[in-house]
Structure formats: C-alpha cells, structure tokens
Amino acid sequence: MKNANLKNIIKTKAAEFYNELVEIRRYLHSHPELSFEEKETAAFIMKKLDEYGISYKSNIAGGYGILGHIKGTKTGNENKVIALRADMDALPVNEENDVEYKSVFENKMHACGHDVHTSSLLGAAKILEQIKSRFSGTVLLLFQPAEERIPGGAKQIIDSGVLNNPRPDVIIGQHVMPSMEVGTVGFKEGMYMASSDEVFLTVKGKGGHAAMPYDINDNVLIASHIIVALQQIVSRNAKASVPSVLSFGRFIADGSVNVIPNAVRIEGTFRTMNEEWRQKAKEQIRKIAQSVASGMGAECEVEIKHGYPYLVNNIELTSFLSNQATEYINPEKVIDMEIRMTAEDFAYYSQEFPVCFYRLGTGNKSKNIMSPLHSSTFDIDETALETGMGMFAWLAVSYLAK
Ligand code: NI
C-alpha cells in the first residue's frame, strides 16, 4: 500500500516535469559534444543540479564526469547505496533530421541517445530530491563522459576511486532502444552484451605486374585466404555456448587492373562473451593470419586493440528490478530481451559491481520513428522521457526499500 503510494507520487512528478525534460533533452540534443570533450554538457548538468539543490563532485576521474549525491532522510536502510549512471557524449555523425532541435554542429550528433540518458537522469534526480523524506539510503547520480571511445569513461571512473566512498552496492543504467516501442522497457539477466576488440591486419609482400604473378606475391589473394581462414575461429574453435562474432568491414587493396599492390589492409572486429576465450581467440587470429601469409610467401602484421569487456547483468538484481518495473508500468510493456553483440563501456562496472543495464523503448512505428542507433536520422518519441525518468527513480527507491 505504502509502495503503491510512492509509485503514484513518482508518476505524478514525472508527468509534472515532462515539459521541462523535453526542453533539457532538446538543449542537449542540439549541443552535442564528442567523447572526452563534454565541457559544456557538464556545465549544463551542474547548473541543473544547483537549481534542484543537489550536491555533487565535478571533474571526476580527470574528465568532465559528475557524481551527484542524494541521501534519503527516512530511517531503515541508511547504509544502502545505489548508483544511477547516464553517459553524456555524442558521435561524429552529421545529423540529417529536419527538427527544430537539430544539432547546431556539423559532424556531431547525439545519435546514440546519450542526451536522453542524461536528461532522464536529471529528471530522476529532481524527483528523488523532492521525495527524499520517503526513502532511506543514498542515490549516487553518475553522469559519465566518453562512452563512445576507447578506453571509455567508465574505466577511468572506476580507476579514479571516486566510487569507493561511498561505494555503491549496485549500479544501474538505462539505454535507448529504437526497435522497442515507446512506453516499454527491456531486461536481460546474465550475459547481455559482447566484448569488442579491433583487429588490424596488413599483408605485405612484393607486388608488381598482374600479368606476371609467378614473379611476385599476390597480396590480394593472400589477404582473401586470410579472411576465409579466420572464419574457422568462430565456426570451428568457439564453443557453441559462447557467442562469438568476427567481422571484417575494411579491405583495402589499392592496386589497379594490372597492378598487384605491395600491401593489403584488412580491418575488423572480434566480439564474444568470455574473457578466457577472448584471449585465446585473439592469439589464434594472430597465428592463422601470420601462418597463411608466410605459407604463401608474404607476411602479415597483426595489431589487435583491446576494447570493452563483455557485460553481464547480475541475475538476482535484474530479476528483482524487472519485477519492480512490472509494478510501475503494464507488465506487458516489460520485455525479455536477447543477447546483443554490440558493446558498451558500462561493462567495466559489471566486472566490479552487481549491475543491471536495461533498455528504454523510444521508437514509434506509427510516427515513423524507427531509425537505428548511430544513424544520421536517429530520433526518439519524446514521451519516452517520462518513462525514462520515472522508471529510473522508481527502480532506485525500490532497491533501497528492499
Ligand atoms: Ni550508447
């Protein structure tokens, strides 16, 4: 009964703050900043937190991150701490939407919805500050920069120790999902997103006249064999229980109709969900690429850039939160999701803390709002902001009351 009451208070406040949140989101959307450059975004967040009367630390982890702090004044679970995380950075994409809140900068766009994450967290913060007499424990508001670029802001935040005191018991984050209808949220227990490593191969040999392949190394043919041979890693060496993907999106053989080039460049990505296998697979990529090249008389330089780890949602926490979500919205709108092979630096938190990374539906087929993440026409149905801020606040107080 008491909880039902709190739920209704949060819903009322989310409805009340909706127009303000649309304004906040539109400001952030039209003023995107790239990873590690989020200075004005941080200044804007601090202005809002000042306005709401919420204390915070700024410039955390040597970057533009902000850690806000709200302590509930009710007695009971004073020592519990939950952190709510929102990322802040944009992508080097030129926005093609014809909207009044279109990005004012060329080649910078909130094409991954981090404007929505940041504004939803500001809305949740405003709600939580106003209801702090009704909960016990601490909510940390983690505005995190630089999600989109390796090494990722999350790692810097963990390494800086800013989350050591107070140390959150759990961290939760939400991310927009244009393929899910507005008004829905999605949860996945356990393995959820992949690790991501970047693979760079350069096949080198003596190129020359294409009419006389017997006198030279056909680096184009060798590179093609390497790509085919590497597919055995996923199809033959990966365990069926461990999702793995190896894809190559760049193959540069810059010769001509009758010239075989001295070098061919191949670039791709390796993704999986097991750290041990990840290391082993990377060694195998190196070994196969080098031995195919040397067997055919050339050589292959291999560089593999270590990206984000895989993301695992704590089973107990995720199951608890998805149940709580069905209390807040119609249970049919709480979706069970599948594993995704995309990556996210929130994964670093999942290695150190019990976490739950859930999805916020932002699409609307009837309004033709369906463009995928990272595309130049990505946009949201803004009514998702009401669910975004309300759900964040509701899950936080539900966890603290547990
Ligand atoms: Ni994102």
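Because the model is predicted, local features were taken at pLDDT of at least 70 and side-chain atom pairs at pLDDT 80 or more, while totals for chains, interfaces and linings use all residues. Residues are numbered from 1 along each chain as its sequence is written, and side-chain values use heavy atoms, with hydrogens and water left out.

Helices (H or I, at least four residues) and strands (E, at least two) are DSSP runs numbered from the N terminus, and two strands count as paired if DSSP finds at least two bridges between them. Strands of a sheet pair through backbone hydrogen bonds, either parallel or antiparallel. The open sheet of 8 strands runs in the order β1-β2-β4-β3-β5-β16-β6-β15, and its pairing is mixed. Its edges are formed by β1 (55–60) and β15 (334–336); each has a single partner strand, so one side of each lacks a neighbour in the sheet. On average, neighbouring strands of this sheet are turned by 25° against each other, direction ignored; axes here are lines fitted to C-alpha atoms, for helices over the stretch in contact, and angles run from 0 to 180 degrees between N-to-C directions.

Within this sheet, strand β3 (residues 81–87) runs parallel to β5 and is joined to β5 by 4 bridges. Ile82 stands opposite Val170 of β5, and Arg85 has Gly173 in β5 as its bridge partner. Strand β16 (residues 355–363) also pairs with β5 in the parallel sense, over 8 bridges, with Val176 opposite Leu360 of β16. Of the 12 residues of β5, 10 are buried, where buried means under 20% relative accessible area, exposed over 50%, and partly exposed in between (1.4 Å probe, protein chains only).

The nickel ion is coordinated by Cys112 (SG), His114 (NE2) and His175 (NE2), at 2.2 to 2.3 Å. Along the chain, the donors follow the spacing C-x1-H-x60-H. Donors are N, O and S atoms within 2.8 Å of the metal (3.2 Å for Na, K and Ca), and the site may look incomplete because water is not among the atoms. His114 belongs to helix α3 (residues 114–130) and His175 to strand β5 (residues 170–181), so this pair ties together parts that are 61 residues apart in sequence. Both histidines are covered: His114 counts as buried at 0% relative accessibility, and His175 is buried with a relative accessible area of 3%.

The nonpolar interior comes next. A nonpolar core is a set of buried Ala, Val, Leu, Ile, Met, Phe, Trp, Tyr and Cys residues joined through side-chain atoms within 4.5 Å. The largest such core holds 68 residues, and Leu128 and Ile172 have the most contacts inside it. Helix α9 gives the most to this core, with 11 residues. A second, separate core has 26 residues, including Leu142, Ile158, Tyr192 and Met337. With contact taken as heavy atoms within 4.5 Å, and residues up to four places away in sequence not counted, the residues that Ile172 touches include Ile82, Leu84, Leu317, Phe346, Phe392 and Leu395. Helix α9 itself (residues 384–401) has 18 residues and reaches 25 Å from its first C-alpha to its last, close to the 26 Å expected at 1.5 Å a residue; this expected span is 1.5 Å times one less than the number of residues. Because 16 of its 18 residues are buried, α9 is largely enclosed by the rest of the structure.

Finally, an open sheet of 4 strands has the order β10-β12-β8-β13, with antiparallel pairing. Here β10 and β13 (299–305) stand at the edges with a single partner strand each, so one side of each has no neighbour in the sheet. Neighbouring strands are turned by 20° against each other on average, direction ignored. Helix α5 (residues 219–237) packs on this sheet, touching β8, β10, β12 and β13, and its direction makes about 170° with that of β10. Helix α6 (residues 275–295) also packs on the sheet, touching β8, β10, β12 and β13, with its direction at about 160° to that of β13.
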